[in-house]
Amino acid sequence: MLKLHNSYTSSIEEVDLNKKEVKIYLCGPTVQSSPHLGHGRSAVVFDFLVRYLKYLDYKVTFVRNITDIDDKIIEKSKEEGITYIQLGERVTEEFGKAYKTLNCIAPDKEPKATEFIPEIIRYIEKLIKNDFAYLTDSGIYYDISKYDDYLNLSGRTKEDVLSGSRISLEEDKKAPEDFALWKFSKEDEPSWESPWGEGRPGWHIECSSMINSILGKNIDIHCGGNDLIFPHHENEIAQSKGAFPNELFVKYWLHNGMLNLSGQKMSKSEGNIKLLNEYLDQFGGEAVRFFFLRSQYRSPQEFSEELLKESESTLNKLIHFTENEEAAPKNNDLLKIFEDSMNEDLNTPKLIGEIFKIINESDDLDKKELEDVKSTIKYIFKILGFNFLKEKRQKNTDEDLINFFKKYEIKFSNIDDSINEYIAKRENLRKKKEYKAADEMRESILELGISIEDGTENGWSWKNS
Ligand SMILES: [Zn+2]
């Protein structure tokens with residue numbers, strides 16, 4: 001039975017979903033600047049969820065939006081001297097490339113906020129009619145005083161909220177916690193006609209309107225990073241309750257944890273951002289995807305380039321181990337491990353741990369048993385969106401090669417000489433019957449995308465796959 005952590009109840013719940021229709025909405029990017037690893041994590045971990053639900057035979061409708069109008073987009077485009085449309089298109093393309101390289105399933109719908117202006121206006125009209133919104137000189141605002149259950153998702157208090165820095169301080173709001181639904185445009189800003197005057201939507205109303213227009217008043221799972229809980233998701237709830245007081249809106253709220261760079265939250269303000277597409281070029285989509293699999297989606301995840309390299313070499317071990325076998329569900333014990341781990345709030349690190357335990361004990365298996373284990377491991381990873389292709393990183397940098405061979409006291413000059421020397425060292429170990437160390441050398445060099453094969457004519461051969 002699948003259990004997931006629901007942020008709204010702060011507890012792990014047995015999910016109760018209709019097999020014939022599961023509606024999932026994931027808050028997608030605001031296309032103001034190039035994607036970073038945190039965007040990759042959110043996309044990948046919820047891709048694991050979507051794929052696993054499909055494996056369990058749920059019919060999933062998955063929507064991930066693009067916020068293509070926002071204060072920050074306007075600001076950034078002015079800085080760059082281009083239009084907000086040009087900036088949005090460029091960044092949207094970068095996100096698209098990253099999603100594809102990470103092998104994330106394309107959403108059934110990927111709406112852009114600017115394509116939903118009439119729907120957004122209708123939603124705001126409903127909030128005004130229901131007396132949850134008011135008009136000022138600067139825009140239309142949501143009236144928090146009208147909504148009693150505000151902050152039930154985050155469990156914060158209004159005092160917390162007011163002391164937080166994320167509250168904007170438009171002069172003419174009734175209360176500081178009220179938020180903009182429609183902002184009247186200043187000069188030189190993109191704007192749309194509305195019954196109240198030219199302007200543009202606030203961020204929160206965009207998601208509520210897109211959800212309502214595409215998926216309906218109620219959805220099953222709403223996902224996003226845990227940095228969106230407040231104010232974005234609190235405000236989405238407030239809007240939906242204002243417009244449709246008798247509807248549930250969201251059955252399960254799922255939030256992924258943030259990435260940490262040496263203990264610090266990875267955010268733009270910390271200035272430690274490296275671009276997602278740079279890592280994808282360097283390591284390939286599968287290695288980065290595998291890095292995200294190694295941490296449970298809700299936990300904060302430590303990031304360093306070293307950890308990414310480690311993920312790459314662990315993934316290569318799996319690829320190597322399952323080589324030459326077809327993906328097929330042949331070993332029931334392994335399938336049970338897979339489902340038990342995933343059912344436990346998508347406990348992917350546990351799954352990896354159990355799989356490696358089996359690999360490490362595989363010496364005791366007979367030929368058929370071993371083949372079945374390999375096929376099943378390949379099958380499990382296929383479900384999770386890994387093709388085990390030998391795509392590998394684009395190329396090893398000289399620095400990678402120097403550092404790699406240095407560990408074996410080999411001075412790197414050129415790849416052929418260094419590998420010959422490496423193989424000679426390994427042969428030496430084998431002669432001395434130090435098979436464990438020799439095996440480790442064979443495994444270790446996989447991180448460069450090179451495999452050494454024993455038992456060929458020369459005793460060895462290597463191929464850069
Ligand atoms: Zn959203």
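# A walk through a three-domain model

Q: In this predicted model, how far apart are the centres of domain 1 and domain 3?
A: Domain 1 covers 3-256 and domain 3 covers 398-464, with domain 2 (261-383) assigned between these stretches. Taking the centres over C-alpha atoms, domain 1 and domain 3 are separated by 51 Å.

Q: What does the C-alpha trace of the chain span along its principal axes?
A: The chain holds 16 helices and 15 strands. Laid along its principal axes, the C-alpha trace spans about 85 × 50 × 35 Å.

Q: Among contacts between residues at least 6 apart in sequence, what percentage join residues at least 24 apart?
A: For context, the chain has 465 residues, and 40% of them are buried. Of the contacts between residues at least 6 apart in sequence, the share joining residues at least 24 apart is 73%.

Q: Is the crossing of α3 and α8 left-handed or right-handed?
A: The axes of helix α3 (residues 84-101) and helix α8 (residues 276-283) come within 10 Å and cross at roughly 35°. On the α3 side the contact is made by E94, K97, A98 and T101, and on the α8 side by L276, N277 and L280. Those residues split into 3 nonpolar, 2 polar and 2 charged. As α3 passes α8, the crossing is left-handed.

Q: Is D131 buried or exposed?
A: D131 is in the loop between α4 (117-129) and β5 (133-135). Its phi is near 70°, a positive value in a residue other than glycine. D131 has 10, so it counts as exposed.

Q: Is F249 buried or exposed?
A: F249 is not a glycine, yet it has a positive phi of about 80°. It is in the loop between α7 and β10 (250-256). Counting as buried takes 20 or more other C-beta atoms within 10 Å. F249 has 20 of them, so it is buried.

Q: How far apart are the C-alpha atoms of Y252 and D16?
A: Y252 is in strand β10 and is buried, with 20 other C-beta atoms within 10 Å. Setting aside residues up to four places away in sequence, Y252 touches L4, N6, V15, D220 and I221. Y252 and D16 are 236 residues apart along the chain, while their C-alpha atoms are separated by 9.8 Å.

Q: Which residues does R298 touch, not counting those up to four places away in sequence?
A: R298 is in the loop between α9 (285-293) and β13 (301-303), and with 17 C-beta neighbours inside 10 Å it is partly exposed. C-alpha to C-alpha, R298 and L346 are 9.3 Å apart, with 48 residues separating them in sequence. Beyond four places in sequence, R298 touches H5, H255, N256 and G257.

Q: Which residues is A327 in contact with, leaving aside neighbours within four places in sequence?
A: A327 is in the loop between α10 (305-322) and α11 (332-343). It is partly exposed, with 19 other C-beta atoms within 10 Å. T83 is 244 residues from A327 in sequence and 48 Å from it in space, C-alpha to C-alpha. Leaving aside neighbours within four places, the contacts of A327 are S375, K378, Y379 and K382.

How values were computed. Residues are numbered from 1 along each chain as its sequence is written. This is a predicted model: local features need pLDDT of at least 70, side-chain atom pairs count only at pLDDT 80 or more; totals for chains, interfaces and linings use all residues. Axes are lines fitted to C-alpha atoms, for helices over the stretch in contact, and angles run from 0 to 180 degrees between N-to-C directions. Helices (H or I, at least four residues) and strands (E, at least two) are DSSP runs, numbered from the N terminus. A crossing is left-handed if the near helix is turned anticlockwise from the far one by less than a right angle, and right-handed if clockwise. Two residues are in contact if their C-beta atoms, placed from the backbone, lie within 7 Å. Ala, Val, Leu, Ile, Met, Phe, Trp, Tyr, Cys and Pro count as nonpolar, Asp, Glu, Lys and Arg as charged, and the others, Gly among them, as polar. Domain bounds come from an automatic or database domain assignment. A residue is buried if 20 or more other C-beta atoms lie within 10 Å of its own, exposed if 12 or fewer, and partly exposed in between; C-beta atoms are placed from the backbone.
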